Amino acid sequence: MKFIVALAFLAVALAAPQGDQKPIEIVSSNSEMNADGSYSFAYESADGTKVSESGNQKQVGPKPEDIGTVSKGSYSFTNPDGVVLTVNWVADENGFQATGDHLPTPPPMPEHVVKMLADLKAAGLL
């Protein structure tokens, strides 16, 4: 119960106004929606934030009704240190995949693991 009360106080504190922040102006915006289900939109704000996205319908399974939306896009913003960060992403049948120079990447797979996987594949076990 104490945890719930503490969580409620935290939610109220986070919802409080954060000083004298004025809305950021949108300097450009466009969007398009087509009858075939494809779409695109983009906007840029006065603080340099840029967002773009496009998508279309794609057959993702064996049945005619197995249709999904495949999307790709990017966004960029300036961090507090003045560095512009950009994220490019794709969302498709393989899930959401984001890339960016500032995003962490997994370390390279150790050679012994690469060899073991190759051996298992050659043996027909993978």
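Modeller: Glu 93 counts as partly exposed, because its relative accessibility is 44% (buried means under 20% relative accessible area, exposed over 50%, partly exposed in between; 1.4 Å probe, protein chains only). This is a predicted model: local features need pLDDT of at least 70, side-chain atom pairs count only at pLDDT 80 or more, and totals for chains, interfaces and linings use all residues. Residues are numbered from 1 along each chain as its sequence is written, and side-chain values use heavy atoms, with hydrogens and water left out.

The side chain of Glu 93 meets that of Lys 58 in a salt bridge, 2.7 Å from N to O. The term stands for a side-chain nitrogen of Lys or Arg within 4 Å of a carboxyl oxygen of Asp or Glu. Lys 58 lies in strand β3 (residues 50-59) and Glu 93 in the loop between β5 (84-92) and β6 (95-99), so the pair ties together parts that are 35 residues apart in sequence. Helices (H or I, at least four residues) and strands (E, at least two) are DSSP runs, numbered from the N terminus. Lys 58 is partly exposed, at 34% relative accessibility.

A search of the whole structure finds two salt bridges. Lys 115 and Asp 119 also meet through their side chains in a salt bridge, 2.8 Å from N to O. Both residues sit in helix α2, four residues apart, so about one helical turn separates them. Lys 115 is exposed, with a relative accessible area of 52%. Asp 119 is partly exposed, at 41%.
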